Amino acid sequence: MSDTKGYREAYQRDGYLIVPDLFTAEEMTAFKAEMHRLLEAVREEAVAEGNDPERVVHGGVYVGLSIRSEAAQAVARDPRILDILEAIYAPNLEFLSDKIVFKSESTAYGSPWHQDWHYWHGSNKISVWLALDNATVANGCMKLLPGSHRAAVTHDGEVEPGDTFVLRLKPGAVDEAQAVIGEVPAGGAVFFLDLTLHASYPNTSGEDRWAWIGTYRDTRAGTEEYSWAKARVVLRGE
């Protein structure tokens with residue numbers, strides 16, 4: 001692992017850390033294929049139960065991979081992720097949940113500016129956004145606002161029926177000139193606190209942009225129970 005002191009200082013200053021070479025592109029190709037198989041199985045189960053298969057992946061998101069995927073469990077527990085989390089965040093690490101977020105020619109939305117903390121409240125948490133494809137502005141990579149992690153801000157943006165992000169900032173609330181673009185190759189990752197303002201670009205390329213997002217917390221800072229955290233497990237420390 002690279003200089004952990006530099007990682008820690010960057011994370012504490014900005015509220016996020018971009019690591020462009022955490023996994024290899026070959027690993028991500030194999031992992032994406034496994035995620036394709038998982039989502040296809042989920043859709044088939046929905047059809048068998050008489051449900052709309054696309055509702056289970058509404059908005060290009062499927063939550064709870066580690067409940068049913070050993071490949072997802074392996075990624076969530078990978079020492080390359082945990083070593084960085086321990087260095088920049090906390091030595092006592094609990095994994096809560098993960099999800100796949102994908103954009104394609106048909107699922108091309110850009111996400112609005114928001115802080116994840118407003119969706120779950122409680123103690124602060126950290127997420128790892130891992131690129132399964134090369135993530136670029138054209139296909140919808142992340143963008144983040146440095147230093148925005150120091151306080152919660154009001155989320156009072158208008159929401160249209162069917163919007164995935166029901167909590168968001170108003171358009172123009174963030175100075176886009178101050179944003180950092182999170183372009184990373186496949187295997188690159190963005191570590192960010194749940195108070196860090198972030199958004200993503202729309203996918204105008206027509207190409208895939210898949211990402212795995214795992215969320216963790218400091219076991220000594222939070223004990224809240226969440227219905228979505230069905231794969232909770234302490235991975236390091238107490």
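Predicted model: local features only at pLDDT ≥ 70, side-chain atom pairs only at ≥ 80, totals over all residues.

Modeller: Leaving aside neighbours within four places in sequence, T219 is in contact with N92, L93, E94, V234 and E238. T219 itself belongs to the loop that runs between strand 9 (209-218) and strand 10 (233-236). With a relative accessible area of 15%, T219 is buried, since the limit for that class is under 20%. One of its contacts is made by polar atoms: a polar atom of the T219 side chain lies 2.2 Å from the backbone oxygen of E238.

Side chains of opposite charge can pair when their charged atoms come close. E94 and R217 meet through their side chains in a salt bridge, at 2.8 Å from N to O. This pair links distant parts of the chain, with E94 in strand 3 (residues 93-103) and R217 in strand 9, 123 residues apart. Both partners are buried: E94 has a relative accessible area of 5%, and R217 has a relative accessibility of 0%.

E94 also forms a salt bridge with R232, in which the closest N and O atoms are 2.9 Å apart. Because E94 lies in strand 3 and R232 in the loop between strand 9 and strand 10, this pair ties together parts that are 138 residues apart in sequence. R232 is partly exposed, with a relative accessible area of 33%, whereas E94 is buried at 5%. The loop that holds R232 is also the place of T219, between strand 9 and strand 10.

These pairs belong to a wider arrangement. Through salt bridges that share partners, E94, R217, E224, E225 and R232 are joined into one network. The count of salt bridges in the model comes to 17.

For comparison, a salt bridge elsewhere may be described. R80 pairs with E27, the closest N and O atoms being 2.8 Å apart. R80 lies in helix 4 and E27 in helix 2 (residues 25-48), so the pair ties together parts that are 53 residues apart in sequence. Here both residues are partly exposed, R80 with a relative accessible area of 31% and E27 with 30%. In the pair of E94 and R217, by contrast, E94 is buried and R217 counts as buried.

Methods. Residues numbered from 1 in each chain as written. Heavy atoms only, no water. Helix = DSSP H or I, 4+ residues; strand = E, 2+ residues; numbered from the N terminus. Buried < 20%, exposed > 50% of the residue type's maximum accessible area, 1.4 Å probe, protein only. Polar contact = N/O pair within 3.5 Å; in protein donor to acceptor, adjacent residues only side chain to side chain. Contact = heavy atoms within 4.5 Å. Salt bridge = Lys/Arg side-chain N within 4 Å of Asp/Glu carboxyl O.
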